[in-house]
Amino acid sequence: MGGEQNWVMVPTMSAKYPQHASGPVGKQIHHIYRDRLRQFTNNGQYKEQSLMAKLYDGRLSGQPHIKLSVWDAPDLTRPTFKEATSKDNEFRETKKGEAFGPSWSTHWFKVQFKLPYEWVYKPRVELHWDSHSEAMVWTDDGKPLQGLTGNGERTEWIVPKEFRDYDKEHTIYIEMACNGMFGNPTGGDTIQPPDPNRYFPLTEADLVSVNLDARALYYDFWIIGDGAREFPEDSWQEHQALQVCNEIMDCFIAGEGSNACIKECRNIAKKYVGDKVDSADVYKTEATSIVNAIGNCHIDTCWLWPWAETKRKIARSWSNQCDLLDRYPEHRFVASQAQQYKWLEELYPYAFDRVKAHIKKGGFQTIGGSWVEHDTNMPSGESLVRQFLYGQRFFESRFGERSRTFWLPDTFGYSTQLPQICRLAGMDRFFTQKLSWNNINNFPHTTFNWVALDGSQVICHMAPCETYTADANFGDVVRSVSRHKSMDQDATSLLPFGKGDGGGGPTFEQLEKLRRCRGISNTVGLLPSTKIPESVDEFFDRLEHRAATGDVEFVTWYGELYLELHRGCYTTQANNKRNNRKSEILLHDIEHLATLATIQGDSSYKYPKKDIDFMWENVLLCQFHDCLPGSAIEMCYRDSDEAYAKVFKTGHKLLKDALEALGFDDGAKGFKVASDVVLQTLGWKRGQVIKRQVTAASGPAVTVKQTGTDLFVLQNEQLKVELSQGAITSLYDLKAKREVLPKGGKANQLVVFDDKPLYWQAWDVEVFHLNSRKELKPSSSSKITEQSSHRVAISTSYKISEKSSITTTVSLSASSTDPNKPSLVETTADVDWHETMKFLKVEFPTTITNTEASYETQYGIIRRPTHYNTDWDMAKFEVVCHKWADLSEHGYGVSVLNDSKYGFATAGKMMRLSLLRAPKAPDAHADMGKHHIKWAVMPHAGPLDERTVRAGFEFNYPLRVHKHPEPARIEDLMSAFKLTPSSSPSLIVDTIKRGEDDEDVSNGDMPAKKGRHVIVRVYDSLGGLSRGTIMLGPVEVKRAWKCNLLEDELEEVKVGREGLEVELRAFEVASFKLLLA
């Protein structure tokens, strides 16, 4: 009772604890033993005594084993294999040490080699080639095999078994591109303009025998060493990793680096990584993995290299992945951008067939569903639709599948309507990571529901490793958990790994490292368990299932995913942005008129689908996220200028053909009688009165007077505008009896800011640029340059500097006959711009009070703060808009319209339209030269409503008048697909086109369908329930369906007596498919 003792007999041990100490034993000095590790695997002073000296057990260089000869392609051409190996080309002898160039040139090497007898049976023989540039290995009969990166990275090509015969010479070709993975930047700074005179030395062209055990030990030691460095110091796993690494080093030293001791070192490593890391079996455990590693290869379609080099990057990178898929059964690789697949199909059919075979097996996976990884801020709504329409159709036509996941890791912000557009294109998942680049606030979520303006949602996942080019390191796995911001809802994450931006994709060493990371998780734990999933869709399927079953309720994020960085991209490369806007408008009108022409035009007219596809594919290509934003090198804009020139040339011909098919005849003479007819391609009738008739009795409808030195007054029935030294000093609304400008304010004031961001010149503008505001003053007096009964104008010249100047013309037209249509004060500016790191804007101070301003976005309106209450508010000091921005209070507002600009800012009562920038990297000549810019200010009584929306369209779609011999008939036809007057004015009929697969239209990519269809796309523009009727006029419709963006029929709808009745929720985008009778 309380005093008993339970004695336990200790079993007798064979070893006896010694009575006397044999000598002193000290505690390991932790950081010294940890720092020691780098001696084993670096190329420093101990290289010859380290593992690095044992990676290869033989090397052959030069003759008689390797013979090198080269043909230098002329100028900067990129000849095909057939062209390069023509008998007409002379290959000269060359050797290691020779340098090749200049930048962007191409050199074809003939590599002839043979193996000595003792090498025939070596476990692994590789050709190591390092020209410090990108290159491609070809067979002697023209098959592209594998890309090489250079500078010590991806320099090995495994000599296949069929080349491993004794003393027989084999031949391969190596195509050397004189550019690095990131182009040819001057001075080594990645974003600097290319150096045109770079030369690349061939430093390695050797056959090597690989010690596979030593190579495997290298990766064992690398990852275990990461455990010693990166695990918490208070964890036993960290201490054990350090002990294992030191034990390996001691064993290696004791065995003097012999093959036997290397094998023993690997056995020691297995205590920490397990015994399955040499195969995919390491993943065959019951462990629940939360990190999903997926291979990807982000190839910028253009950036620091031109399109022509991108085409070669694709072949190099994807051939690499086909090779890895053959060698690593667990590997899964995703690639987006249909355009890149099309280039591969056209230019590298052998590589395309390899890709297609691996797609069929499931290892190589298409993803993304879009034509390119495009910008989402600036393309129109219809352009976003076509990115998916063309992308999804390509993937379906070539591979029999559509994408379910929108994959867009590197774009500079994400438009608020993307979730709705994705859902309508068959995708309900979205992957990115770019918001981790925010330079002010940290985005708070990893996995969440992203909600569009209309309420549509997609599951969004942002990789917590905060990169799309992870190196598959220990730290990448750790960050996939430590930086996961949605752990309370779901702990799983994607880890996208692989060399990217310049291409390349995953490497064999990344796959080896992942195996060892999993081995550590299996064996000692603590490191999150990583797997390679079957697909990205598998990852999202699980999330979707959890959400659908109520197992988890993901947080929501409403509206745009605004990137707090790269705000200068809304303005840089102005002419490129102008071409984008103009080509979108041209395509809109072509499709509308061509559709009408196939309905009631010349019977021989055929809808020009092939040419329209050509135009769209080029426009979509130019919307790539480094092209349209303006962040590429000058060579890329030569490419895009050429593409746009072809688009406009083709488009103007198509427009002319459609007008002729519709019976328009601008050249009617003699007995031909033709009347003026306004082209009606918008969703409402416009131009009822082309020019207001003015009688002498009534006086002019608009006037201009000079009231003093450089003082002018322009006036119509609605507005009185006073100008002083080119700026608007008073803007008075005669009907509302309201002054729009504050006392002393100057609207239309041109201002210049110093523009030196922290680093990314073409990309960024920082908030501190606002401190450097400088007003431009006229260099001469203003003068009246137009004074007619329907329009008056004042022109003013400005000298920005010794190199740059501007001439603006401010005009006021007669008021519209429609009393509800506000007048515009229009401005055109002709700018000769040769500045350095300056930012040109135009200001509009107002008397409007509101904490939010409104901006047109794709298919809707986005409202953003006008104040800096929080860091989140201040971060939006520069934002994107489309055709207009508006600041309104109860009862009154001001809209600013533009014809080609995207950058805007509203701070308090001040509105600023961004015009031009002058960055010097990566294009040293960005925006230099002449620009024609157009904008307008539109005061309006009442709230923001359809008047601003329609004014934005009409400002961008100039009124066009053509002659037609039967005006009544053609006007009747053009009344089709317009909204009835009783329809909600917020409805916009945005697109009229023919069905993609109509038998008289189809391009053959997909099976043709019987009948002729018209696609009508309509949206609510103001954010409320909208009802209306789309008139059909003389167009006879047999049946109609609501369809998705891919033109799949969803549900049949009735066609009423007046036309097609529609009802849309707030900001809904709806497409209808009409079967013609």
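The legends below describe close-up views of a predicted model.

Local features are given only where pLDDT is at least 70, and side-chain atom pairs only at pLDDT 80 or more, while totals for chains, interfaces and linings use all residues. Residues are numbered from 1 along each chain as its sequence is written, and side-chain values use heavy atoms, with hydrogens and water left out.

**View 1. Helices α7 and α8 in contact.**
Two packed helices are described by the angle between their axes and the distance between the axes. Helix α7 covers residues 307-327 and helix α8 covers residues 338-347; helices (H or I, at least four residues) and strands (E, at least two) are DSSP runs, numbered from the N terminus. The angle between α7 and α8 is about 85°, and their axes are 10 Å apart. Axes here are lines fitted to C-alpha atoms, for helices over the stretch in contact, and angles run from 0 to 180 degrees between N-to-C directions. The two helices α7 and α8 are therefore roughly perpendicular (angles under 35 degrees count as roughly parallel, over 145 as roughly antiparallel, 65 to 115 as roughly perpendicular and the rest as oblique). From α7, the contact uses Trp307, Thr310, Lys311, Ile314, Ala315 and Trp318; from α8, it uses Gln340, Tyr341, Trp343, Leu344 and Leu347. Contact means heavy atoms within 4.5 Å. Of these residues, 8 are nonpolar, 2 polar and 1 charged (Ala, Val, Leu, Ile, Met, Phe, Trp, Tyr, Cys and Pro count as nonpolar, Asp, Glu, Lys and Arg as charged, and the others, Gly among them, as polar).

**View 2. Helix α5 and what covers it.**
Helix α5 runs over residues 236-254, 19 residues in total. From its first C-alpha to its last, α5 reaches 27 Å, close to the 27 Å expected at 1.5 Å a residue; the expected span is 1.5 Å times one less than the number of residues. Among the buried residues of α5 are Leu242, Val244, Ile248, Met249 and Phe252 (buried means under 20% relative accessible area, exposed over 50%, partly exposed in between, with a 1.4 Å probe and protein chains only). The cover over the buried residues of α5 includes α1 (30-36), α2 (38-41), α4 (212-230) and α6 (259-273). After α5 comes Glu256, with a positive phi near 55°.

Strand β31 (residues 783-787) and strand β32 (residues 791-799) run antiparallel and are joined by 4 bridges. Two strands pair if DSSP finds at least two bridges between them. Glu786 has Ala793 of β32 as its bridge partner. These strands, β31 and β32, form a hairpin with 3 residues between them. Strand β32 is also joined to strand β33 (residues 805-813) by 9 bridges, again antiparallel. Here Ile794 stands opposite Val810 of β33, and the hairpin from β32 to β33 passes through 5 residues.

**View 3. Two open sheets.**
Another open sheet has 5 strands, ordered β24-β25-β26-β27-β28, with antiparallel pairing. In that sheet, β24 (703-708) and β28 (738-739) are at the edges. Strand β27 (residues 727-733) pairs with β28 over 2 bridges, with Asp733 opposite Arg738.

**View 4. The loop between β42 and β43.**
Ala926 lies in the loop between β42 (910-917) and β43 (929-941). Ala926 is buried, at a relative accessible area of 2%. Leaving aside residues up to four places away in sequence, Ala926 touches Gln573, Arg917, Ala918 and Pro919. Pro922 is placed in the loop between β42 and β43, and the peptide bond joining Ala921 and Pro922 is cis, with omega about 5°.

Most residues other than glycine have a negative phi, and most peptide bonds are trans. The bond from Gln63 to Pro64 is cis, with omega near 10°; Pro64 sits in the loop between β1 (56-61) and β2 (66-72). Asn151 has a positive phi of about 60° and lies in the loop between β8 (144-148) and β9 (156-158). His566 also has a positive phi, near 60°, and its place is in the loop between β22 (556-558) and α15 (574-600). Asn151 is exposed at 55% relative accessibility, whereas His566 is buried at 2%.
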